[in-house]
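Dear colleague,

Please find below the structure that I am handing over to you.

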Amino acid sequence: MTDMLLESVYVQNFRSINGAISAPLNANVVLVHGENGAGKTSLLSAIELALTGHVQSLHRADSDYDKQLLFRGAEVGKTAVTISDGKSSPSYSTRIGEDGFSDLVNMPADMAAFFSERAFLPQSLLSQLLQIYQDSSSSMNSPLASFVGELLGLDQLDAIESGLQSLKDVRNIRKRSGVFTELEEREALVKSRDERDRNLADSISSEADAALGELAERLRALEIYDVPNFSNYREIIERALSLPHESDLREAIGRQRELSAIVAQIKDSELYNQEELESALTRLDNVTSEYNQWNSQHRPKILDLEYAFYEVISEASLEADFLQSWHGARKISQAELQRHSDRLHGIRHDLSEIDKLTQELKEAQREVTAADEKIASIPDSTGSLASLLSEIGAFIVEDRCPVCERNFKECNEGPLTEKVHGKVKTLSRSADQLIALSAERAKSERIKATCFERIGEIRSRLPEQEEIASLEVKIEKINTFLQELALSSHVLDEGKELRDSELGLRREISAYNSMQSVLSAARETLSQFAQEIKYQSSDERVSLGTLGDALREELSKRERKYRVLTDTQSRVREIRTVIDRLREESDENQRLRNANKAELEVEQLRMQKAAEIRRQGGVLRASVDEVRSRIIRREFNERLNHLWRDLFVRLAPNEPFVPAFSVPTSGTQRLEPKLVTNFRNGDSAGGTPGAMLSAGNLNTAALTLFLALHLAVPKNLPWLILDDPVQSMDDIHISNFASLLRTLAKEHGRQIVIAVHDRQLFDYLSLELSPAFPEDSLLTLEMSRARGGKSSCNVRRVEYKRDDAIGRVA
């Protein structure tokens with residue numbers, strides 16, 4: 001790469017450069033001159049953009065600078081640079097648009113970074129360079145750290161330091177190492193499980209103690225006094241559940257039901273007496289006489305109503321005879337009337353709907369016919385012709401027809417474009433009318449189809465005319481029957497009431513006769529029941545009611561006793577289920593705790609190994625920091641500061657203060673140099689360059705710092721591109737600077753491109769840097785504005801010429 005040479009540059013519509021310029025760069029020294037705004041700074045920035053794909057100084061000022069690079073009013077711009085390495089001539093370029101960069105073909109990233117940081121010094125960066133390095137942090141990505149890496153080749157140490165950085169804080173280890181995080185999570189998980197299982201074991205133990213305590217209490221109620229535990233509780237519970245308390249309870253409940261039935265029979269039998277029986281017989285004779293008289297008078301009418309009911313509703317079925325069920329017959333007739341009336345109403349509604357749809361069908365047919373007549377009057381090609389004329393209008397130039405080449409001005413009817421546009425509007429309106437009529441006709445056709453379909457659907461469900469007439473007759477008959485039934489309702493209610501009274505009295509008399517025999521049997525049954533349950537009465541002459549109450553109280557006592565014992569047995573079963581579950585959970589919990597203990601021992605051993613690795617990494621990192629800091633202090637003091645001092649003294653030989661980097665001599669793990677000034681004799685002055693140097697020498701310090709940084713690292717790119725670096729320099733500084741440029745170009749093999757604003761300085765440097773040997777060359781590029789504001793570049797090449805006059809004098 002040491003033989004690489006900038007060959008040429010091409011710039012189009014970039015920043016202040018209007019139009020396109022192309023200039024050669026294939027010389028040892030290239031001087032660029034131009035007035036303010038002529039484009040000399042834009043030319044140097046274009047070289048950086050073509051080679052690297054960005055302009056670093058503009059990016060510091062505005063992150064969206066890429067949208068401001070295109071010359072105002074231009075549509076596209078471009079920068080391109082061709083270089084030569086002796087074997088090939090690669091070209092790098094960047095296309096510029098309103099939205100930014102595109103079509104980037106740039107140098108590799110490492111070479112691009114070297115160019116922006118070490119080979120190109122923009123005018124805006126000159127005044128900021130010292131501040132940038134003064135404020136540079138100690139991070140690995142700072143400009144100062146980047147320079148140190150290039151200068152000292154500490155990539156491996158930096159990589160080790162960066163890799164071990166996370167060992168300082170366990171939180172960083174968690175972010176960087178998934179394995180360490182996994183170890184911590186697994187250890188925490190095992191500890192959490194162990195804590196959970198211990199808590200669960202305590203809970204199971206407490207619950208088991210409570211269950212066994214309650215079981216002992218329940219067993220004492222069953223007269224079992226053994227103390228239960230996890231070993232013997234099953235045997236004790238089986239003995240408790242074998243007691244026949246449930247069967248005793250069922251027998252007591254069953255006996256109570258039997259007693260209740262016997263007592264109920266006795267009470268029902270005691271409700272009747274002889275006087276009530278005689279009264280019932282007298283009332284039965286009177287009711288029977290009244291019912292017979294009513295029946296002889298109204299029986300024909302009842303039969304007529306019953307016949308009429310079954311005639312109109314032949315499929316009906318009543319639960320009893322007509323007199324008993326005439327209210328039901330009325331409800332059935334009313335429901336049947338409603339059903340037939342609803343059906344007749346639906347038929348009439350369908351007929352009305354058919355008439356309405358027929359009218360809509362006729363109206364839709366008339367609209368279709370009218371639309372067909374209108375469509376027939378409009379030509380089909382209207383839309384196509386309008387589209388064709390609209391396209392032809394774009395080719396009309398100066399009222400000359402693009403079809404026949406005739407000049408339309410001869411017709412004196414105005415411009416041809418207006419004539420064509422008017423015809424297009426007329427044809428477009430006709431096409432729109434044709435589309436609207438077609439849509440209207442399609443809508444009417446859909447209405448016709450819907451009407452046809454709806455009429456067919458309604459007619460398919462309409463009955464025949466005879467069926468409709470039959471339906472009307474049936475409705476009339478039902479109405480007549482309901483009217484007659486309403487007129488006879490009081491007669492029917494009177495007959496039903498008389499017959500119900502007669503039947504009720506007959507049942508009452510029959511029940512009394514039956515209860516007399518039941519009462520005798522119940523007395524004998526109650527005495528036998530007392531013997532079966534082994535109840536001994538103290539009084540043999542006790543009444544049936546008193547004996548029944550005594551037997552009920554005895555059975556209630558037995559039921560309560562057996563129910564308590566049965567409930568106790570049920571609770572014992574529940575407690576057995578709970579203790580079984582707790583025993584299983586206890587066994588499973590113990591198994592899990594044993595497994596967790598073994599797993600926790602493994603995880604703790606792994607964490608101990610991880611802690612040892614972290615400790616060893618910390619020791620290694622401390623060693624790396626110590627070695628790295630020692631090398632940096634040595635190189636800063638012995639190499640960079642020496643080179644910077646030599647360059648600064650060359651340009652400012654009368655300045656008593658010399659800028660330098662001050663690196664702490666005490667042990668440090670991070671790079672923390674500061675910018676200071678020293679006396680020329682080497683004593684420390686302590687102040688920063690901004691406080692100790694004049695404005696001119698401050699720029700000189702920044703310029704020499706850039707050159708020192710360039711020369712201190714390997715020569716990846718042998719170029720130095722400087723944009724007006726002589727700001728605030730006096731004549732002595734400029735003379736020394738020209739001498740320095742010659743040294744850099746001839747002894748250090750650098751290709752120098754420098755832009756200056758001052759005309760006298762440009763002429764002076766052209767003379768000072770002119771070729772002194774056959775292999776030297778100088779190019780001067782003068783930027784200016786041509787007529788119309790276009791940018792131009794005047795190129796002049798100065799070659800080496802032998803001065804024969806001096807030879808002849810010699």
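In strand E13, valine 798 is the bridge partner of leucine 778. This is a predicted model, in which local features need pLDDT of at least 70 and side-chain atom pairs count only at pLDDT 80 or more, while totals for chains, interfaces and linings use all residues. Residues are numbered from 1 along each chain as its sequence is written, and side-chain values use heavy atoms, with hydrogens and water left out.

Strands E12 (residues 777-785) and E13 (residues 791-799) pair in the antiparallel sense over nine bridges; two strands pair if DSSP finds at least two bridges between them. Five residues lie between the strands of this hairpin, where glycine 788 takes a positive phi near 85°.

The chain contains 23 helices and 13 strands. Both are DSSP runs numbered from the N terminus: helices (H or I) have at least four residues and strands (E) at least two.

Lysine 448 is part of helix H15 (residues 416-461). Lysine 448 counts as buried because its relative accessibility is 14%, the term buried meaning under 20% relative accessible area with a 1.4 Å probe, protein chains only. With neighbours within four places in sequence left aside, lysine 448 is in contact (heavy atoms within 4.5 Å) with Leu361, Ala364, Gln365 and Val368.

For the chain of 810 residues, 39% are buried. Among contacts with a separation of 6 or more, 71% are between residues 24 or more positions apart.

Yours sincerely

Technical notes
Buried means under 20% relative accessible area, exposed over 50%, partly exposed in between (1.4 Å probe, protein chains only).
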